[in-house]
Amino acid sequence: MLSFLIRRLLAGLATLVVALFLMFVLVNAAIDPLSDLRESTAPNKQQLMAERVEMLNLDTNVVIRFFQWFGNVLTGDFGIAWRSMQPVRDLLTHAIGSTLQLVTAATILSLVLGVSVGIVSALRQYSGFDYAIIFLSFLLYSLPSFWVAVLLKQWAAIGFNDFLQDPVIAWSVILGISLVAGLVWSLAVGGRAARRWQVFGISAAATFAMFAYLQLSGWWERPQIGPILLLILGAGSALAISAIFAGLHNRRALYTALTTVAVGLVLYLPMQVVFDSIDVTNLIILVFAVVAVGVGFLIGRLYGGPDWGISARSGAAVAFIMGGLIYIDQVMQVWPPYFRALSGRPIPTFGDRTPNLGGNYWVGVLDAFTHLLLPTVTLVLIAFAAYTRYSRSSMLEVMSQDYIRTARAKGLPERTVVVRHGFRNTLIPLATIVPIDIITLIGGAVITEAVFARPGMGQLFVRSLGDSEIEPVMGYLLITASLAIIANIVADVIYASIDPRIRLDA
Amino acid sequence: MSTSTNPETPTAGDNVENAIELQEVAGLSQGQIVRRRFFRHKGALAGLTVLIGTILLAVTSVGVGPVSGWWMWTGYETGNPMTNAGGAPTMTLSPPALGDHPFGQDELGRDIFARVMHGTQTSLMVMFVIGIVATVIGVLIGSVAGYYRGKRDTALMRFTDLVITVPTIVIGAVIGKLSGGISGIVFAVSLGLILWTTLSRLVRGEFLALREREFVDAARVAGASSRRIIFKHILPNAIGTIIVSATLLMSSAILLETALSYLGFGITAPEISLGQMIQTYQQAFSTRPWLFWWPGLFIVVIALSVNFIGDGLRDAFDPRQKRIPSERKMAKAMEADASAQRALTTTLPPSSGKLAGL
């Protein structure tokens, strides 16, 4: 393993240096730092040009300049962007921060949604739901992201802001949404006609009740989760998690999940006081999250039993969800003042924060959320399609294997066959794709960032290339290329560690 | 798989399963089988129809180069009087009529239908050129690396890694800026020069597996040269993989081209591309939304139909693909016709009776 890593890292370093050299030459040929001076009408044009050539060292051969730049990078000096005179290192740090915010949310959402929809679609192969999902994923896959982004920006953002001015949904629209939700759920759950109608009725009624509640309680003006919704959502997710990952007959796991929900509910009010009395930072939230997961795990451990691991994991997952809900509730509490501060148009279409907003930590988080909303939707729509297709075909492949037949033949319940034998093996090919995807995204959702003017990595690259600044462009390429090489190595290592048939030493 | 290596003595279970299929493809060549399967794929057929329709529309309406088409505008005339207020589309559904400017006019009075058709031509041209260039390079590099292995393989694969290391859109942007303003064809060829990596890896994998097969040994014993073995013996067997991934490559190529043109690094005025139109007109979204809708719609239609064709080709080339009715349909058929069930049990070979006895 160690020799494999060393070999790959050395090969990767060599590739990196050669790639950087080629890119330096290419970028150097592509940009023209003198273009604005060439067209200028200043009387001292020649002198200005000479000064710039002097400043940027343009007389020197490009190969020598590459090695000068590379030598500086090795000593930790990324140079400066000459137009703004800002150090490239600072520019990159800011840009990575902004991009990470965007990429994390989008990747997690699209993975969870895409994988679950893809698997359900594979389990219902050749059904109406399957065909609908195939068509949808093809459609989303064929959408140009810049078109979607502009559409969301010009249409959805303005429409949603208008809606928030006077948040009333017509009852006919609510009815329509409920019927569509009922149809989707009944197709996804499947089964015999009677069961389909049952699922249709329940899910349509539940959707209708939810929208009616939101409408009648004035939720849109004052969004919050509160203890009641916390109970419903928590209990729902506890049931879902234990039903899928442990099976409802596993009473210990079920009781663990429900106990965790109860603990979360009891802690709801004390947490309000805690959050009010201390100065919250991201670090503290992280500590709270770890503690919550630990508590959930402990509850499962205490229920004991021969397979306590499964209870502990369900407990941890439920605890994480409860903690997340309490956190979101806290963020929602600052919505009314935030709404007023932005004079009633809270969904922004550009940037990654509102300048000079002020306010405490929670306002900052809410502001980041509203700025993330539209770019995240854009990225999720497109990544969702890809993950659905991957996981669907992977699941179909796995479910036709002999070991699935064996699992069924030895009388395992269908849930165990799908979750333990099918789902886990479905994740193997995904595990090699996802790290590469994430790291490619860190290189910037170039288009999404350009449309929404988020000052991230992609935007940094596009702007610097347009401004003929070679240092930031090369700094950007250095980071993305190294990350791409690391991602490939990580994917190989993950593959080898989850699939015992692959050995890296061979 | 097991039956293909040993066709003389198929196992009892496979016999039933394969009998119908074998009957279906008996006496047909590989090409005929693939064509049959492809034309049975409804999505692919629809995609093919739409794509051909789009190509015909784009080529005949405004013409190519010096040849002029049947449409009355070229999309370059400015200062036409606005037919509708603000240049809104004149196309109406009731009564169905096109009018002078079916897709509307921009702020200079230019006809948007003609401009969209020009843009579609450019984008389609870029798509096909990228597809051809990338496929040729990918196949050459992949086959040489996979066939010869050893040092040549290592060198070529290191080179592929090098190209993969930098994100496509980044190289595309640099190339676009480098060749910017020259012409669409130069831009397309340069993009093709970097998009071959996935294909070359796939082809290499296929070659590594195929070169160990008996028919390659047979050809070598018969004295065939390496070049002959590569092109006449191995390549035809890898054609499925190549065609499918080339199709999928083209659908991503059109998205890449439009995205780069949108960012301003691709095709620039006075040439027209669909992405560049969207970039030009996005500011006018609130006042003239039709300027934004039509180019986007055409990108989606082209990419979607190419994707469907690719999917159909994949199914057609994949021997493991079988058309199996869903469980529910089977159950329904059984319920509806009890004789079907009897028929099914009687066609089982007698050997299965032994299993039933266990």
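This is a predicted model: local features need pLDDT of at least 70, side-chain atom pairs count only at pLDDT 80 or more; totals for chains, interfaces and linings use all residues.
**Entry 1: chain A as a whole**

I began with the overall make-up of chain A, whose secondary structure comes to 20 helices and 2 strands. Along the principal axes, the C-alpha atoms of this chain fill a box of roughly 85 × 65 × 45 Å. I then looked up burial, and found that 45% of the 506 residues of chain A count as buried. For contacts in chain A between residues at least 6 apart in sequence, I noted that 74% join residues at least 24 apart.

The division into domains came next: chain A has domain 1 (2-91 + 443-498), domain 2 (168-217) and domain 3 (225-332). I looked up the C-alpha centres of domain 1 and domain 3 of chain A, and these lie 45 Å apart.

**Entry 2: chain B as a whole**

Chain B has 17 helices and 0 strands. Of its 358 residues, 44% count as buried, and among its contacts between residues at least 6 apart in sequence, 70% join residues at least 24 apart.

**Entry 3: the nonpolar cores**

Which residues touch the most other members of the largest nonpolar core? I found that this core holds 131 residues, and that A:Leu20, A:Leu477 and B:Val116 are the ones with the most contacts to other members.

I placed A:Ile489 in helix α20 (residues 470-498) of chain A. Its relative accessibility is 7%, which is under the 20% cut-off, so A:Ile489 counts as buried. Not counting residues up to four places away in sequence, A:Ile489 touches A:Leu5, A:Arg8 and A:Leu9. I also checked A:Ile489 against A:Phe4, and the two are 485 residues apart in sequence but 9.6 Å apart in space, C-alpha to C-alpha.

**Entry 4: two residues with positive phi in chain A**

A:Met85 is not a glycine, yet I found that its phi is positive, at about 60°. This residue lies in the loop between β1 (80-81) and β2 (86-87) of chain A. Is A:Met85 buried or exposed? Its relative accessible area is 52%, which is over the 50% cut-off, so A:Met85 is exposed.

A:Ser468, also not a glycine, has a positive phi of about 60°. I located A:Ser468 in the loop between α19 (457-466) and α20 of chain A. With 4% relative accessibility, A:Ser468 counts as buried.

**Entry 5: α5 and α14 of chain B**

I turned to helix α5 (residues 112-148) and helix α14 (residues 290-317) of chain B, which pack at an angle of about 30° with their axes 10 Å apart. The crossing of α5(B) and α14(B) is right-handed. On the side of α5(B) the contact is made by B:Ile112, B:Val116, B:Met117, B:Thr120, B:Leu124 and B:Met127, and on the side of α14(B) by B:Leu291, B:Trp294, B:Pro295, B:Phe298, B:Ile302 and B:Val306. Sorted by class, this contact has 11 nonpolar residues, 1 polar residue and no charged ones. B:Val116, which I had already noted in the largest nonpolar core, is one of the α5(B) residues in this contact.

**Entry 6: α5 and α6 of chain B**

At what angle do α5(B) and α6(B) pack? I found about 145°, with the axes 7 Å apart, and a left-handed crossing. From α5(B), the residues B:Ile141, B:Val144, B:Ala145 and B:Tyr148 meet B:Gly150, B:Arg152, B:Asp153, B:Leu156, B:Met157 and B:Thr160 of α6(B). By class, the contact of these two helices has 6 nonpolar, 2 polar and 2 charged residues.

**Entry 7: B:Thr160**

I ended with B:Thr160, which is found in helix α6 (residues 150-165) of chain B. B:Thr160 counts as buried because its relative accessibility is 0%. Setting aside residues up to four places away in sequence, I listed what B:Thr160 touches: B:Ile141, B:Trp196, B:Thr197, B:Ser200 and B:Arg201. Of these, B:Ile141 is one of the α5(B) residues in the contact with α6(B).

Definitions and conventions: Residues are numbered from 1 along each chain as its sequence is written. Chains are lettered from A and ligands numbered from 1 in the order in which they are written. Side-chain values use heavy atoms; hydrogens and water are left out. A nonpolar core is a set of buried Ala, Val, Leu, Ile, Met, Phe, Trp, Tyr and Cys residues joined through side-chain atoms within 4.5 Å. Buried means under 20% relative accessible area, exposed over 50%, partly exposed in between (1.4 Å probe, protein chains only). Axes are lines fitted to C-alpha atoms, for helices over the stretch in contact, and angles run from 0 to 180 degrees between N-to-C directions. Helices (H or I, at least four residues) and strands (E, at least two) are DSSP runs, numbered from the N terminus. A crossing is left-handed if the near helix is turned anticlockwise from the far one by less than a right angle, and right-handed if clockwise. Contact means heavy atoms within 4.5 Å. Ala, Val, Leu, Ile, Met, Phe, Trp, Tyr, Cys and Pro count as nonpolar, Asp, Glu, Lys and Arg as charged, and the others, Gly among them, as polar. Domain bounds come from an automatic or database domain assignment.
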